[in-house]
Amino acid sequence: MPKKFIYHLQSIIILDMKKVGNHNSISGILAVGLALMLNFSLTSSAQTAPAAAPAPVAAAPAAAPAGGGDPVAGKALFNANCAACHKLDDKATGPALRGVAERRDKEWLYKWIHNSSEVIKSGDPTAVALFNEYNKAVMTAFPQLSNADIDNIIAYTSEPKPAPVKPAAGGGEGGAKVESGVSNNVIFGALAVVMAILVVMLYTVNRTLRKIAQNNGVEIPESTSGMSVWKAFAKNQFLVFVTSVFLILSAGYLFYGWSMQVGVDQGYAPVQPIHYSHRVHAGINKIDCKYCHSSARVSKNAGIPSLNVCMNCHKNISAVSDTTNTADYGKPFYDGEIQKLYDAVGWDKTAQKYTGVTKPVKWVRIHNLPDFAYFNHSQHVTVAGIECQTCHGPVETYEIMQQFSPLTMGWCIDCHRKTDVKMEGNDYYKKIHDELSKKYGVTKLTAAQMGGLECGKCHY
Ligand code: HEC
Ligand code: HEC
Ligand code: HEC
Ligand code: HEC
Ligand code: HEC
Ligand code: HEC
């Protein structure tokens, strides 16, 4: 909600009241009512999502490790050597390994893990069947692992499955909250109340005037009584003034709120079809922005990655790690969002293959300049060497993407006035630079001096 705007309104109203004093109590009440209403809507819109308790982390149940290995050491070995192809509970490149000691013999496991190809070559029927089942994918040999190491890994894979992590209260499936609906309803409600007060007051004015008229012995014909209220109202110039100001302001306020929802604005953060978190990807997992927004370097648009790019990683990542959760979003929620990606590209994670049934994801566009303005990413990212964060804010901390900068003309111009053009190692600019710096008598040139204020550069 546009808080500044509301503050502004409030101060206007309060100023009005001061000027008027007790001159007209009805308009005073009206003004107070309006101020209260705005205040009410301000507080209600300031409320954000309820803070929720962090998701409880599942305690690893103490298990009787098979064969006496150390499951903690085993987990480390597993993550370092096996996790690229194996998961405990889901199929990945290789089979799910939880409870593998129950279906395979210890000696067989030693042999297999040390060198699976040899076991297959020896004609071992289990090994051959397995190899064929997994499309003859070859498992890495691990001759360096001792039998004790393997015991540890087996101990880890023999731990019972932990109880599922409960979604954090307030998070879970419906993690995305619709906030603006509530405050809008409150505002409409408040407007209705104010309108009702207005009607009651008009009625009171009418009655008072009638009484005065009666006391003065003036006859009021019944048929024109309706008219006289309006006449009285029209005569009270201040009441007319306040009422019109009120109507104009509330219309303006509603229009402003509406246009904020439709238009693009600073802080705009729509709910996306898949809850894709930049915090998780660019932050925790340190994935380079340009891995996904690869065209930012070379073209006008930064572009949104196609889902194939996501699948480069997500063929193997069907779940987030146990530690990836926030107060608002638990692990089950995140895992569900990855499943949405699978549904969209038609990936069957159990069979580890594409089903061919796809449904495109329609990302909601956040940044959007009007058509008449021209902005080019490569010009700023590659030529000027400006960090993405300068314009888009600390994206690596955004759980939900939002518009950080106002994207107004003033914002563009302001930076062009302040920012020096990067000249080093740029032959193209060397000559122009030398000429222009002579013209301006400076050693450094801002983007503005290079022509960054010319209307035609930004407007077609
Ligand atoms: C490069 C991928 C890859 C890596 C790394 C890998 N495996 Fe495998 N593993 C496979 C594949 C694929 C199979 C299925 C058989 C086949 O195609 O060879 C398999 C099968 C197995 C099996 C047989 C499972 C069963 O159901 O009988 C075990 C046990 C196993 N791996 C353990 C390990 C361990 C322990 C590690 C780590 C030290 C490891 N693997 C690392 C790919 C891998
Ligand atoms: C793993 C892929 C990936 C990485 C890495 C990534 N993004 Fe994104 N980005 C996306 C996707 C998908 C969207 C669209 C969904 C959304 O808006 O959250 C997006 C949206 C955006 C948007 C808003 C686009 C719009 O609609 O206006 C900006 C700005 C952005 N990313 C900047 C960055 C920056 C800066 C970085 C590096 C710190 C980064 N991204 C890293 C995938 C990625
Ligand atoms: C470079 C590898 C990589 C790429 C590319 C990638 N992801 Fe991820 N993604 C990950 C990793 C790693 C995790 C798990 C993070 C964790 O457990 O901390 C993850 C987690 C997720 C999650 C759950 C957390 C969240 O962000 O809500 C979703 C959903 C997701 N990815 C969607 C996508 C989509 C959509 C794309 C393509 C636009 C994509 N990913 C591209 C590596 C990648
Ligand atoms: C000088 C400021 C600036 C810098 C630096 C910048 N952007 Fe942008 N970005 C913008 C503006 C302005 C838009 C809106 C463009 C439009 O609507 O035509 C935008 C739009 C986007 C979009 C929406 C899709 C699109 O292409 O319009 C993505 C994604 C994005 N930027 C990512 C990035 C990434 C990633 C980087 C860093 C490699 C980056 N931006 C650097 C200003 C910047
Ligand atoms: C963070 C600073 C910054 C912001 C914000 C910024 N620019 Fe720039 N812009 C630069 C710099 C620096 C250059 C000079 C790059 C060069 O040519 O070396 C530049 C160059 C340009 C040029 C080329 C000028 C020429 O002389 O050829 C255009 C066009 C342009 N910007 C448009 C925009 C628009 C449109 C916006 C706002 C939507 C914008 N810029 C916002 C820093 C910025
Ligand atoms: C550095 C880029 C840049 C330059 C130079 C620039 N503009 Fe703009 N202008 C913009 C952008 C971006 C917008 C869109 C702002 C928005 O959507 O609020 C805009 C909007 C406008 C508008 C629409 C009204 C508004 O503010 O939204 C007019 C009119 C305009 N520009 C005229 C000019 C004239 C005349 C010049 C030359 C003196 C000029 N511009 C130079 C970037 C530029």
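Reader: In which loop is Gln352 found?

Author: This is a predicted model. Gln352 is found in the loop between strand 1 (347-348) and strand 2 (353-354). Its backbone deserves attention, for Gln352 has a positive phi of about 55° although it is not a glycine.

Reader: Is Gln352 buried, exposed or partly exposed?

Author: Burial is read from a count of neighbouring C-beta atoms within 10 Å, and a count of 20 or more makes a residue buried, 12 or fewer exposed. Gln352 has 16 other C-beta atoms within 10 Å and is therefore partly exposed.

Reader: Where is Lys136 placed, a residue other than glycine with a positive phi?

Author: Lys136 lies in the loop between helix 7 and helix 8. Its phi is near 55°. With 8 other C-beta atoms within 10 Å, Lys136 is exposed.

Reader: Let us turn to helix packing. How do the axes of helix 3 and helix 8 cross?

Author: One reads the approach of the two axes together with their crossing angle. The axes of helix 3 and helix 8 come within 7 Å and cross at roughly 95°. Helix 3 is therefore roughly perpendicular to helix 8. On the side of helix 3, the contact is made by Pro71, Ala73, Gly74, Lys75, Leu77 and Phe78, and on the side of helix 8 by Asp149, Asn152, Ile153, Ala155 and Tyr156. By class, this contact of helix 3 with helix 8 has seven nonpolar, two polar and two charged residues.

Reader: At roughly what angle do the axes of helix 5 and helix 8 cross?

Author: They cross at roughly 105°, and the axes come within 10 Å. Helix 5 and helix 8 are therefore roughly perpendicular to each other. Leu109, Tyr110 and Ile113 in helix 5 meet Asn147, Ile150 and Ile154 in helix 8. The contact of helix 5 with helix 8 divides into five nonpolar residues, one polar residue and no charged residues.

Reader: Which residues of the largest nonpolar core touch the most other members?

Author: A core is read from its members and from the elements that supply them. Of the 15 residues in the largest nonpolar core, those touching the most other members are Phe78, Leu109, Trp112, Ile150, Ile153 and Ile154. At least two residues of this core come from each of helix 3 (71-82), helix 5 (106-114), helix 6 (116-121) and helix 8 (147-157). Helix 8 gives the largest share, five residues. Setting aside residues up to four places away in sequence, Trp112 touches Val119 and Ala127.

Reader: Which residues are closest to ligand 1?

Author: A ligand shell is read by its closest residues, its contributing elements and its classes. Among the 24 residues that surround ligand 1, the closest are Cys82, Cys85, Gly94, Tyr134 and Met139. Helix 3, helix 5 and helix 7 (125-133) each give two or more residues to this shell, and helix 5 provides the largest share, three residues. The shell around ligand 1 has 17 nonpolar, six polar and one charged residues.

Reader: Which residues come nearest to ligand 2?

Author: Cys289, Cys292, Ile366, His367 and Cys388 come nearest, out of 21 residues around ligand 2. Helix 12 (278-284), helix 13 (289-292) and helix 17 (388-392) each supply at least two residues of its shell. By class, the shell around ligand 2 has 13 nonpolar, six polar and two charged residues.

Reader: Which element gives the largest share of the shell around ligand 4?

Author: Helix 17 does, with four residues. Of the 21 residues surrounding ligand 4, the closest are His293, Asn301, Ala302, Cys388 and Cys391. The shell around ligand 4 divides into eleven nonpolar, nine polar and one charged.

Definitions and conventions:
Residues are numbered from 1 along each chain as its sequence is written. Chains are lettered from A and ligands numbered from 1 in the order in which they are written. This is a predicted model: local features need pLDDT of at least 70, side-chain atom pairs count only at pLDDT 80 or more; totals for chains, interfaces and linings use all residues. A residue is near a molecule or strand if its C-beta atom, placed from the backbone, lies within 6 Å of it. Ala, Val, Leu, Ile, Met, Phe, Trp, Tyr, Cys and Pro count as nonpolar, Asp, Glu, Lys and Arg as charged, and the others, Gly among them, as polar. A nonpolar core is a set of buried Ala, Val, Leu, Ile, Met, Phe, Trp, Tyr and Cys residues joined through C-beta atoms within 7 Å. Two residues are in contact if their C-beta atoms, placed from the backbone, lie within 7 Å. Axes are lines fitted to C-alpha atoms, for helices over the stretch in contact, and angles run from 0 to 180 degrees between N-to-C directions. Angles under 35 degrees count as roughly parallel, over 145 as roughly antiparallel, 65 to 115 as roughly perpendicular and the rest as oblique.
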